[in-house]
Amino acid sequence: MAAMMQPQIILLKEGTDTSQGKAQLVSNINACMAVADVVRTTLGPRGMDKLIHDDKGNTTISNDGATIMKLLDIIHPAVKILVDIAKSQDSEVGDGTTTVVLLAGEFLKEAKPFIEEGVHPQNLIRSYRTASNMAIEKVKELAVSIEGKSLEEKKSLLAKCAATTLSSKLIGGEKEFFASMVVDAVLAIGNDDRLNMIGIKKVPGGNMRDSFLVNGVAFKKTFSYAGFEQQPKKFVSPKILLLNIELELKSEKENAEIRLSDPAQYQSIVDAEWNIIYDKLDKCVKSGAKVVLSRLAIGDLATQYFADRDIFCAGRVTEEDLQRVAAATGGTVQTTVNNVINEVLGSCEIFEEKQVGNERFNIFSGCPSGKTATIVLRGGADQFIEEAERSLHDAIMIVRRAVKNSTVVPGGGAIDMEISRFLRHHARTIQGKSQLFINSYAKALEIIPRQLCDNAGFDATDVLNKLRQKHALPSGEGAPYGVDINTGGIADSFANFVWEPAVVKINAINAATEAACLILSVDETVKNPKSESAQGDAAASAMGGRGRGGLASRGRGRGMRRR
């Protein structure tokens with residue numbers, strides 16, 4: 001009787017949704033597998049693209065894993081972890097974003113039957129972490145260094161890495177053309193880590209092969225005034241003055257008040273304003289600069305003044321472009337025209353204005369410090385150029401990584417098959433349940449070559465059997481063999497120059513294992529109703545306020561809309 005009188009304990013707010021135990025873990029795994037299925041078909045050179053239409057009506061066509069994951073607008077809390085690893089892979093190494101989501105999904109898929117049979121998640125996590133460390137060690141062991149080669153050899157090796165990345169993108173048909181362009185751009189900026197030193201400008205029209213690389217800076221012609229057309233459009237070895245000031249007549253502030261006792265004095269105030277602007281322009285001319293760029297406006301008076309003295313000027317240049325011009329030409333951005341000395345002026349071999357499609361570009365080439373490059377992209381549709389830009393970003397990141405961590409591994413699923421074989425072999429030497437878990441981890445790694453075959457329309461089972469047989473050769477000569485996308489058989493990925501930097505694979509395995517372990521370690525999900533009700537209340541109050549406002553205003557007659 002006493003037991004029945006126990007008071008009920010209420011811990012959580014009414015409406016709080018808690019799910020725990022095996023069922024919610026399996027539910028989380030199913031959600032992750034579902035999102036992996038979304039990006040699954042985009043893997044590899046024969047991967048398909050996704051067309052994503054967002055709530056603002058923008059359309060994006062992409063097969064970049066990170067871009068798709070960002071645009072999907074996922075709300076499931078466990079799946080958000082996969083979105084995060086795709087983003088981190090993109091920011092860290094630039095490529096392998098689809099791979100990392102696919103691997104994480106596959107690790108969880110392999111873990112699911114064990115969870116359902118009652119295996120404790122911590123046992124799985126421990127085995128997965130061990131397998132991950134061994135896999136990374138194996139990647140490092142199989143990696144081949146490209147250090148110590150001559151510049152020409154290094155260039156061709158880096159171009160091979162870039163071509164491998166680009167082969168799975170929309171611009172894969174012109175991968176050789178773009179790969180050499182990307183390598184030249186990355187080598188142009190040297191050891192500078194700032195990616196914004198490589199500018200990508202998009203000009204619709206023409207075809208992809210009309211794209212070109214400028215060893216220097218190129219930016220679109222800015223807004224200009226009447227005298228602009230009289231300015232010279234080409235200079236050889238000009239001095240360049242970079243400013244962050246306005247060169248136009250400043251109107252007085254609205255609340256400025258000037259009291260005059262004599263109307264004649266008004267003219268002296270007007271003259272003073274003109275003298276100030278003429279003084280500034282005169283100092284710019286005396287500095288010896290032939291090209292004047294400013295982040296702020298250069299007015300019609302200044303434009304004409306410079307045109308009369310054979311000086312080129314451009315106002316409202318974006319901050320990013322101005323910084324790149326400064327880095328390339330060795331100039332310094334000035335906030336005043338007083339005391340402009342030679343040291344703050346930049347220089348380049350050739351400055352010219354050039355027509356590209358229906359746009360005009362200002363191009364600075366042959367810059368002394370050469371720490372910047374610009375790729376001008378051409379193409380038919382806007383979406384196509386957008387996707388080309390994303391593809392080039394991936395390739396630039398990959399080449400940068402390959403320059404810094406100069407080790408590469410064979411692509412095309414070769415490295416995954418080799419690690420899988422190595423882990424299966426190792427699993428046989430282990431006692432206990434972890435043998436099964438490491439075996440399942442090894443099986444999960446085979447998803448990469450399997451998916452490459454599926455996406456290309458080949459029989460994955462047949463190709464994987466050939467690969468397993470080749471990788472099982474005791475001599476180890478089969479290690480670089482991967483899927484041959486062109487024939488549907490297998491081929492030596494190294495000999496075919498299907499390479500990727502080792503850091504891409506290491507990062508992908510690491511991130512995917514961490515994400516899988518994180519999801520496996522969650523044993524309870526608590527959904528707080530507060531956030532949902534708060535959003536509901538906010539929406540209701542907004543609607544209520546609107547309604548009340550409507551009623552109140554009815555009595556006063558219709559008011560004009562405030563602009």
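Guide: Contact means heavy atoms within 4.5 Å. Among contacts in the protein between residues at least 6 apart in sequence, 76% join residues at least 24 apart. This is a predicted model: local features need pLDDT of at least 70, side-chain atom pairs count only at pLDDT 80 or more, and totals for chains, interfaces and linings use all residues. Residues are numbered from 1 along each chain as its sequence is written, and side-chain values use heavy atoms, leaving out hydrogens and water.

Visitor: How many helices and strands does the protein have?

Guide: Helices (H or I, at least four residues) and strands (E, at least two) are DSSP runs, numbered from the N terminus. The protein has 17 helices and 20 strands.

Visitor: What is the order of the open sheet of three strands?

Guide: Strands of a sheet pair through backbone hydrogen bonds, either parallel or antiparallel. Two strands pair if DSSP finds at least two bridges between them. Here the order is β4-β16-β19, with antiparallel pairing. β4 (144-145) and β19 (499-501) are the edges; each has a single partner strand, so one side of each lacks a neighbour in the sheet. Two bridges join β4 to β16 (residues 407-410). V144 has V408 of β16 as its bridge partner.

Visitor: Is L11 buried or exposed?

Guide: Buried means under 20% relative accessible area, exposed over 50%, partly exposed in between (1.4 Å probe, protein chains only). L11 is exposed, at 79%. L11 sits in the segment before β1 (17-20). Of the 563 residues of the protein, 46% count as buried.
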